[in-house]
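Subject: Handover of a structure with notes

Dear colleague,

Please find the structure below, passed to you for your own work.

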Amino acid sequence: MLIDASVARSMAVLGWINQLAQAVGGSLSVAHGVLGINADEPSELRRIRDALQRDVDGSPHGSGRYSKAVAAVHGLDRLLSLRPPTIRVLLPNIEEIQVTARLTSREVDDRDWRRGLGLRTRRLDTGEAVSIAIAHARGIDFASDDGQALIAYTA
Amino acid sequence: MVWPERQEWVVPMYTTLDQQLNDLLQTSIESLDISDEEYRLAVSRYEAVGQFLADYWDSPRAGGEVYPQGSMRLGTVTRIIHRNDEIDIDLVARHDIDKKLISQVDLKADVGHALDLFLKSGPEGDPSKKEGKRCWTLVYSGFHVDVLPALPNEDDPETGIIITDKELHAEPDKAVRRWIPSNPIGYADWFHRVMRREWLEKRAELSARGIDVAEVPEWAVKTTLQRAVQALKRHRDLYFEDALDDRPASVIITTLAGRAYGGGGSLYEVLLDVTSTMPTLIERQDGVYVVANPVQKKENFADRWQSHPHRAKRFFEWIEQARADLSNLGSERGVDRVLEKLGRAFGGRVAERAGRAAGARLRERRAGGRLSMASGTGALVTGNGSLVRPHTFHGDPGPGQTNDLADALRRARERTGLSQEAAADALGINRVVLSYYETGRRSAPLPTAAALARLYGTTLDRLVAGNEAVSAEVDVSGVLYRAAPPVLNDAARGGLRIFEQYLSDYVELAHEMSRPLPGKGQSPFAAVTGSSARDGADAARQLRRYLNLGGGPLGDPFRAADEHVLIWRLPLGEDLSGAPSGLFYNHPQVGFSILVNSNMTLGRQVFTVAHELAHAFFHSRGLDVIVSMPGAELGRERFADAFAGELLVPGDELRRLVAEHALWTTLTDPTAVVHLQRHFGVSYATIRVRLLQERLIDRVTFDKLAQVSPSRLAQALGFPVHRADMGDFHMHPLERFPGRMLALVQAAVEEEIITPGDAAETLSTSTHEIRQLLARPPIQPQEQHIQLDLEAAVFAHKGGQDGDS
């Protein structure tokens with residue numbers, strides 16, 4: 001199963017990422033960019049982790065908000081340290097890159113194409129788009145809590 | 001209106017040039033391995049020796065054990081180039097008797113005698129024997145077996161041993177006392193612990209491919225650390241071919257590489273990392289170089305560098321050469337060029353084998369018609385797509401094999417005139433990583449490629465299509481560059497590009513939401529021609545009346561004129577000799593916009609906002625761009641400074657406070673001044689200047705007040721100190737934006753015009769912050785305006801000056 005950043009975040013915060021992997025056969029996939037291949041690489045999950053860390057830094061010690069944020073950071077850290085086979089980072093091939101570009105493009109033609117797929121919003125963000133492009137092309141199950149992303153995937 | 005056809009599962013052969021390089025490197029180093037047949041032969045040979053010695057020592061009083069150590073045990077066996085690709089196998093022959101019962105000379109002789117008997121027994125392979133410094137060597141065809149006589153170490157009973165040293169034999173008394181402690185089993189355990197995680201992962205990968213790992217021998221699974229050690233040993237052998245005695249010992253290389261190994265990455269990355277880190281791990285204790293045995297700290301693997309200091313020097317020269325050779329490898333493109341450099345670093349035969357292997361794989365895929373080129377990464381993949389043109393010479397990259405997305409990223413950046421450093425800083429990524437993306441050594445994650453495209457004024461789809469032309473309707477950066485002084489540095493140019501991107505996003509979002517844009521801003525005030533302080537102060541009072549701001553503190557200066565001016569805060573660089581503190585731009589679609597350099601103290605940012613408001617409301621007739629660089633002495637700038645002072649600290653209010661609270665005599669007290677500063681929400685410098693301008697203090701007091709550190713004093717008084725005032729310019733990502741932009745994004749997500757992910761991308765932040773934005777009103781600046789508490793003004797501190805100016 002390929003999961004998007006939002007699902008990965010939610011599962012990580014709950015500490016359920018390993019259980020989710022087990023439930024789907026032992027391995028989860030994410031698109032490159034949602035998670036980095038190298039530790040020094042920017043990624044959506046890394047940005048979410050940094051945002052949660054800001055919550056920790058900005059919350060009074062011992063408060064409920066602080067405890068919640070610390071637990072969330074811990075969950076994200078565990079997620080970021082996972083390796084194959086629990087989590088695999090999939091790189092898009094050329095066709096998938098081109099689909100990603102169309103799903104995120106500002107061009108009128110591409111927007112019409114997206115409308116034809118049933119999308120209401122102006123476009124998808126790049127992380128969501130590359131996840132859908134890979135999952136769709138390779139026939140992988142896709143999990144997202146973004147309604148527009150699911151419309152595009154099932155179109 | 002349909003998706004592209006579903007395609008077969010695509011298995012990348014090379015997804016990036018980095019992987020291509022890594023594959024060639026990996027194949028080269030694998031060719032240093034001994035074959036399975038050689039391995040089994042070597043094992044049978046040393047087992048024969050071991051069995052013979054075990055029988056020789058078999059007595060009721062003492063037994064013994066023979067086991068492999070060194071590279072055989074570590075899995076780092078490498079063919080020895082100066083011995084015609086032979087290999088060495090190291091064995092420990094441990095005789096289990098008390099050291100009091102035998103001398104070093106006798107132990108060595110005893111093992112030598114046993115080996116003589118072994119040779120007379122007519123063993124397979126017909127070996128001969130020779131003596132080494134600490135061991136006996138059995139010379140077979142194709143490999144040597146070094147047998148190291150040893151006794152158990154009673155101080156380290158689990159796995160420790162003590163060994164002999166021929167140099168000590170000449171001094172029998174010392175030889176009795178000074179056995180050399182060693183622990184090859186403990187060392188190998190340490191080495192395996194270092195790489196255990198990767199080793200388990202590799203086994204798991206085999207298992208995932210349906211291979212029964214129980215059937216795979218341990219030695220057949222090699223980690224990148226083991227490969228890196230093999231590579232370094234081979235590089236060393238070549239480097240020291242003409243000075244074999246100076247070669248650093250394999251155990252030094254293995255120890256330093258093991259300590260430097262970070263636990264993951266490709267072989268190429270691990271080698272680069274390890275060769276950079278290794279020299280830093282060599283300690284210097286009392287002038288002696290120390291490479292400690294990680295399981296026996298007293299043992300210094302580099303002890304011989306003390307008597308041969310030039311070996312230490314040569315080690316550092318060699319590791320630097322290895323690092324340079326590897327770096328050069330990464331700068332090459334094209335299989336043949338990489339192979340050529342591999343040949344120089346690791347030997348021609350090694351490169352030849354890698355070339356043959358790579359060529360065979362390419363031919364195999366071409367024959368299957370499944371080879372295509374990933375134009376996004378410039379690498380070869382198997383799967384659907386346009387076929388790579390056939391060619392006959394393996395390793396020829398062919399004219400069509402370019403790294404399109406990588407090249408497009410580089411070209412787009414160069415077109416904007418930004419350096420790699422400025423682009424990387426603007427996006428908060430590592431410059432080296434960006435260079436990897438631009439050279440194709442790593443695939444750029446598409447969200448990062450999209451962010452870079454935006455920074456360069458284009459879009460991902462245009463980059464993918466090979467058309468990285470500017471897509472913005474208004475060339476903001478061009479306008480600003482032309483208006484800015486020529487000293488504008490790289491960081492400032494990066495910040496200006498981001499400013500352009502956000503303005504463009506604002507316009508697009510407003511269109512999406514069908515919100516009318518005001519067009520070019522029109523000031524309600526007549527343009528001023530005067531430049532005196534009085535003119536500036538008068539203008540500030542006019543604006544206060546116009547905006548109904550009253551006579552008190554401004555509150556949040558970044559929001560005070562939100563309805564009329566969009567105020568953005570972006571990093572433009574800390575070096576204000578090459579970066580503006582702020583600028584005013586009358587955008588043709590969104591109107592008055594102010595950009596404040598966030599790499600300044602908060603007080604200075606507040607002053608800059610007020611200063612730029614003067615330009616917006618009083619200088620915008622006829623001037624669309626005004627860039628404020630420190631040190632500018634134009635009359636317009638003097639006017640704006642006076643305006644800012646009066647707007648932030650109205651003279652009437654300041655005098656009223658001083659009079660009401662009888663502060664005439666205490667204004668020499670920095671504590672009272674800090675309270676006034678906090679009341680108005682300005683910098684300490686601003687309040688000092690305003691007190692002087694309003695003649696509430698004299699020049700002597702003004703100078704005396706400069707003697708304190710306002711940040712420290714404020715902290716001592718219990719006031720919060722903003723992180724920017726402590727030199728930390730990191731901001732909450734949403735603090736960059738004017739309230740109107742945040743409100744627009746909020747509404748767009750709520751009305752499902754954009755997705756939360758799109759919102760996050762637009763605001764260069766994460767979906768986590770978008771969730772927070774949706775759950776509450778737009779974020780407020782963190783600086784709190786503490787109510788004036790003049791009664792509590794007790795002078796508490798006199799420190800040094802700080803940078804709050």
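The notes that follow cover conventions, chain A, the interface, and selected parts of chain B.

Residues are numbered from 1 along each chain as its sequence is written, while chains are lettered from A and ligands numbered from 1 in the order in which they are written. This is a predicted model, in which local features need pLDDT of at least 70 and side-chain atom pairs count only at pLDDT 80 or more, whereas totals for chains, interfaces and linings use all residues.

Chain A contains eight helices and four strands; helices (H or I, at least four residues) and strands (E, at least two) are DSSP runs, numbered from the N terminus. Read from the N terminus, the order of these elements is β-α-α-β-α-α-β-α-α-α-β-α. Of the 155 residues in chain A, 51% are buried. A residue is termed buried if 20 or more other C-beta atoms lie within 10 Å of its own, exposed if 12 or fewer, and partly exposed in between, with C-beta atoms placed from the backbone. The peptide bond from A:Pro84 to A:Pro85 is cis, with omega near 5°, and A:Pro85 sits in the loop between helix H4 (64-81) and strand S3 (87-90) of chain A.

At the interface, 54 residues of chain A are in contact with 48 residues of chain B, contact meaning that the C-beta atoms of two residues, placed from the backbone, lie within 7 Å. On the side of chain A that touches chain B, the largest share, nine residues, comes from H5(A).

In chain B, helix H10 (residues 250-260) is mostly covered, nine of its eleven residues being buried. Those buried residues, among them B:Ile252, B:Ile253 and B:Leu256, pack against helix H3 (70-74), helix H7 (184-194), helix H9 (224-239) and helix H11 (267-277) of chain B.

B:Glu299 belongs to strand S11 (residues 296-300) of chain B. B:Glu299 counts as partly exposed because it has 18 C-beta neighbours inside 10 Å. Neighbours within four places in sequence aside, B:Glu299 is in contact with B:Pro181, B:Ala292 and B:Asn293.

B:Asn548, although not a glycine, has a positive phi of about 55°, and B:Asn548 is exposed, with 6 other C-beta atoms within 10 Å. For B:Arg695, also not a glycine, phi is positive and near 60°; this residue lies in the loop between helix H28 (684-693) and helix H29 (699-705) of chain B.

Yours sincerely
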